[in-house]
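This report takes a brisk tour of one structure. Please have the sequence and the coordinates at hand.

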Amino acid sequence: MSALWSSLAAPAAAVVTTLAGVFAGSVVSRRAQDRHWVRDQVATTCARVLRESSAVLVDLSDMESSRPGTVPQGVVLPTTVDWRPWNEALSMVNLVADRDIAEAAHALDEQIWRLHTLVKRGLTAEEDWLALRARVQEAQNHFVTVARRRLALAGDPLERFSGRPSPDDPIWTA
């Protein structure tokens with residue numbers, strides 16, 4: 001009987017070991033898939049934040065440049081910006097991104113709100129569009145830096161965020 005028992009115990013132990021290995025492998029694989037899915041969602045959401053914040057900046061520029069000269073500065077005009085895509089992008093950040101990315105997106109949103117408020121009432125002669133736009137772009141660049149730290153393999157910060165020449169470059173006066 002003991003010979004029969006030992007001949008059955010060895011294959012049973014092998015089956016249990018195999019099943020345990022398969023289970024452990026599936027758990028590890030599932031976690032890796034989940035992490036990959038979340039990372040993809042965050043990357044897609046970050047790209048959407050950048051796309052929509054750029055679209056809002058263009059809309060604000062159009063709004064400022066098309067302000068009728070007959071409307072005095074200080075008179076608030078209705079906004080022509082469609083806020084829905086921007087708000088959806090922010091909602092997605094709040095849903096899938098970590099705290100640092102969300103806070104960087106919120107700081108960008110604050111700068112957009114500040115610029116929007118100024119554009120609605122009309123810029124004064126002392127207010128320079130390029131300087132005001134630069135605050136939004138700085139917030140966008142900060143967002144990129146935070147997102148790169150979380151998403152890029154190396155996470156190295158960028159030295160430049162675009163190839164646009166600086167505002168004092170002679171190209172703008174040529």
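Is C46 buried or exposed? The answer comes first below. Note that the model is predicted.

## A cysteine in helix 1

C46 is buried, because its relative accessible area is 5%, under the 20% cut-off. The residue is found in helix 1, which covers residues 2–65.

What does C46 touch, leaving aside its neighbours within four places in sequence? Its contacts are I101, F143, A147 and L151.

## Helix 4

Helix 4 runs over residues 129–151, 23 residues in total. How does its span agree with expectation? At 1.5 Å a residue, the helix should span 33 Å. Its end C-alpha atoms are 32 Å apart, so the two values agree.

## The largest pocket

The largest pocket has a volume of about 570 Å³. Its lining counts 18 residues. Closest to the centre are R133, Q137, N141, S162 and R164. Two elements give two or more residues to the lining: helix 1 and helix 4.

Which element gives the most to this lining? Helix 4 does, with eight residues.

What is the make-up of the lining by class? Eight residues are nonpolar, six are polar and four are charged.

## The aromatic pair

The structure holds one aromatic pair. W83 and W113 form it, and their rings are stacked. The centres lie 5.7 Å apart, with 5 degrees between the planes.

Which parts of the chain does the pair link? W83 sits in the loop between helix 1 and helix 2 (84–96). W113 belongs to helix 3, residues 99–121. The partners are 30 residues apart, and the pair links distant parts of the chain.

How accessible are the two partners? W83 counts as buried because its relative accessibility is 15%. W113 is partly exposed, with a relative accessible area of 47%.

Technical notes
Residues numbered from 1 in each chain as written. Predicted model: local features only at pLDDT ≥ 70, side-chain atom pairs only at ≥ 80, totals over all residues. Heavy atoms only, no water. Helix = DSSP H or I, 4+ residues; strand = E, 2+ residues; numbered from the N terminus. Expected span 1.5 Å × (residues − 1). Buried < 20%, exposed > 50% of the residue type's maximum accessible area, 1.4 Å probe, protein only. Contact = heavy atoms within 4.5 Å. 1 Å grid on protein atoms, 1.4 Å probe; cavity = no way out; pocket = protein on both sides within 12 Å on 5 of 7 lines; lining within 4 Å. Points joined across faces, edges and corners; volume = space filled by probe spheres on them. Nonpolar A, V, L, I, M, F, W, Y, C, P; charged D, E, K, R; others polar. Phe/Tyr/Trp six-rings, centres within 6.5 Å; stacked < 30°, edge-to-face > 60°.
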